[in-house]
Amino acid sequence: MQQKVILLTGASSGIGRETAIRLARQGHHVYGAARRLQLLQSLQAQGVHPLQLDVTDPSSCAAAVQAVVSAEGRIDVLVNNAGYGHFGAVEDVPLSEARRQLEVNLFGLACLTRLVLPHMRHQHSGRIINTSSIGGHFTSYLGAWYHVSKYAVEAFSDALRMELRPHGIHVVLIEPSSIRTPWGEIAAQHLEEVAQPASPASPSSPSSSVPSASPSSPSSSVPSASPSSTASRPVSSGAISSRPSIPSPSSPSLDGHTGAYLDESRRTAAFIRRLWSSSLISGPRAVTAAISSAVNARRPSARYVPGRFGRTLILLHTLLPTRLFDYLMRRTMTS
Ligand SMILES: NC(=O)c1ccc[n+]([C@@H]2O[C@H](COP(=O)([O-])OP(=O)(O)OC[C@H]3O[C@@H](n4cnc5c(N)ncnc54)[C@H](OP(=O)(O)O)[C@@H]3O)[C@@H](O)[C@H]2O)c1
């Protein structure tokens with residue numbers, strides 16, 4: 001087997017960690033990257049080179065690629081695997097959190113891709129392997145921004161595959177179904193945190209323990225109204241009524257936290273926790289096998305769908321009428 005130089009993101013946990021170990025055992029030169037360096041250090045004993053990386057920071061991305069190229073003189077494979085699921089109703093999730101979801105799952109991946117491409121074009125060979133999801137084909141309940149990010153990874157990768165064909169570079173999509181990793185607990189926590197009702201005592205933006213947007217993220221310029229405020233109207237509405245205000249059950253707020261989806265969010269979070277701790281879903285090994293094939297095959301497939309029920313769910317989504325699929329999804333996830 002030809003030894004390859006591989007940069008793999010999201011190596012501190014779950015799918016990325018298992019994949020880094022597997023690829024290093026095959027003899028590849030694997031650089032495993034993530035923010036939590038202490039978790040990466042333990043990979044060293046398995047032959048993986050740890051690299052600290054925050055994919056939302058372009059200078060961190062540039063330093064990671066430079067470190068690999070300086071040490072090895074080339075880079076053969078980029079596995080864009082870092083990502084998380086920010087679940088929550090659209091009305092509840094602040095736009096700053098939605099932006100952060102895209103910064104990690106889409107723009108981080110795009111930034112690293114752009115950085116490795118000059119080297120791969122120069123070599124006239126290379127592989128970009130992007131971890132998407134079956135959630136890049138259809139949408140689960142209360143997962144809008146996560147699915148936006150994965151649909152975008154699908155489109156980005158499909159476009160890139162055509163662009164890079166003349167340069168001898170393969171682009172591969174990995175589309176796992178539900179996989180037992182910390183991903184499930186992180187998604188459930190986001191869901192519960194953003195679904196909390198706003199405190200009437202703090203009419204502006206209620207604080208959230210969910211990681212905040214990067215400092216460079218622009219904050220919303222639209223004034224927010226307290227969900228409990230009866231007098232506030234959105235400035236953009238243009239009409240300022242002189243009549244006594246009628247209590248509104250849902251004064252618009254771009255800060256999220258309406259409380260309107262609390263019960264459904266809690267039930268969905270409970271469903272996610274149950275599913276992710278059950279033996280109904282696959283472990284990360286199914287995905288590491290697919291990524292390993294994408295790295296080693298002479299001519300890799302454009303898409304791999306590892307994990308139980310993935311292909312069936314994609315097929316069901318294609319065959320069933322949209323409203324029936326919606327109904328089944330919502331019903332299952334709130335059961
Ligand atoms: N598990 C599933 O059911 C499932 C299904 C379909 C697709 N996926 C996708 O598979 C990929 C891996 O997920 P997983 O299941 O292995 O989850 P995980 O165990 O939570 O791992 C996520 C990895 O992403 C890294 N990461 C997150 N934010 C980052 C940032 N800003 N910069 C650099 N690294 C960052 C984390 O490292 P640090 O926190 O140390 O930075 C961690 O290593 C994700 O793209 C996920 O969306 C997962």
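**Helices, sheet and ligand shell**

The axes of α6 and helix α7 (residues 262–276) come within 9 Å and cross at roughly 170°. Here helices are DSSP runs of H or I with at least four residues, strands are runs of E with at least two, and both are numbered from the N terminus. Axes are lines fitted to C-alpha atoms, for helices over the stretch in contact, and angles run from 0 to 180 degrees between N-to-C directions. So α6 and α7 are roughly antiparallel to each other (angles under 35 degrees count as roughly parallel, over 145 as roughly antiparallel, 65 to 115 as roughly perpendicular and the rest as oblique). On the α6 side, Gly184, Glu185, Ala187, Ala188, Leu191, Glu192 and Ala195 meet a set of α7 residues that includes Leu262, Ser265, Ile272 and Trp276. Two residues are in contact if their C-beta atoms, placed from the backbone, lie within 7 Å. Sorted by class, the α6 and α7 contact has nine nonpolar, three polar and four charged residues (Ala, Val, Leu, Ile, Met, Phe, Trp, Tyr, Cys and Pro count as nonpolar, Asp, Glu, Lys and Arg as charged, and the others, Gly among them, as polar).

A quick word on the model: it is predicted, with local features needing pLDDT of at least 70 and side-chain atom pairs counting only at pLDDT 80 or more, while totals for chains, interfaces and linings use all residues. Residue numbers start from 1 along each chain as its sequence is written.

Next come α4 and α5. Helix α4 (residues 95–123) packs with helix α5 (residues 144–164) at about 20°, their axes 9 Å apart, so the two are roughly parallel to each other. In passing α5, α4 makes a right-handed crossing (left-handed if the near helix is turned anticlockwise from the far one by less than a right angle, and right-handed if clockwise). Among the contact residues are Ala98, Leu102 and Leu109 of α4, along with Trp145, Val153 and Phe156 of α5. That contact divides into ten nonpolar, three polar and one charged residue.

Then there is the sheet. Seven strands line up in the order β3-β2-β1-β4-β5-β6-β7, in an open sheet with parallel pairing (two strands pair if DSSP finds at least two bridges between them). At the edges sit β3 (49–52) and β7 (303–304), each pairing on one side only. Strand β2 (residues 29–34) is joined to β3 by four bridges, and the two run parallel. Helix α1 packs on this sheet, touching β1 (5–9), β2, β4 (77–80) and β5 (126–131), and its direction makes about 165° with that of β1. Helix α5 packs on the sheet too, where it touches β5 and β6 (169–174), at about 160° to the direction of β6.

Helix α1 also has a helical partner: α1 and helix α8 (residues 285–296) pack at about 50°, with axes 9 Å apart, and that makes α1 oblique to α8. Their crossing is right-handed. Ile15, Glu18, Thr19, Arg22 and Leu23 are the α1 residues in this contact, and Val287, Ile291 and Val295 are among those from α8.

Finally, the ligand. Of the 30 residues around it, Gly10, Gly14, Arg35, Arg36 and Gly83 come nearest (near means a C-beta atom, placed from the backbone, within 6 Å of the molecule or strand). Both α1 (14–25) and α6 (183–195) supply at least two residues of the shell, and α1 gives the most, with three. By class, the shell has 14 nonpolar, 13 polar and three charged residues.
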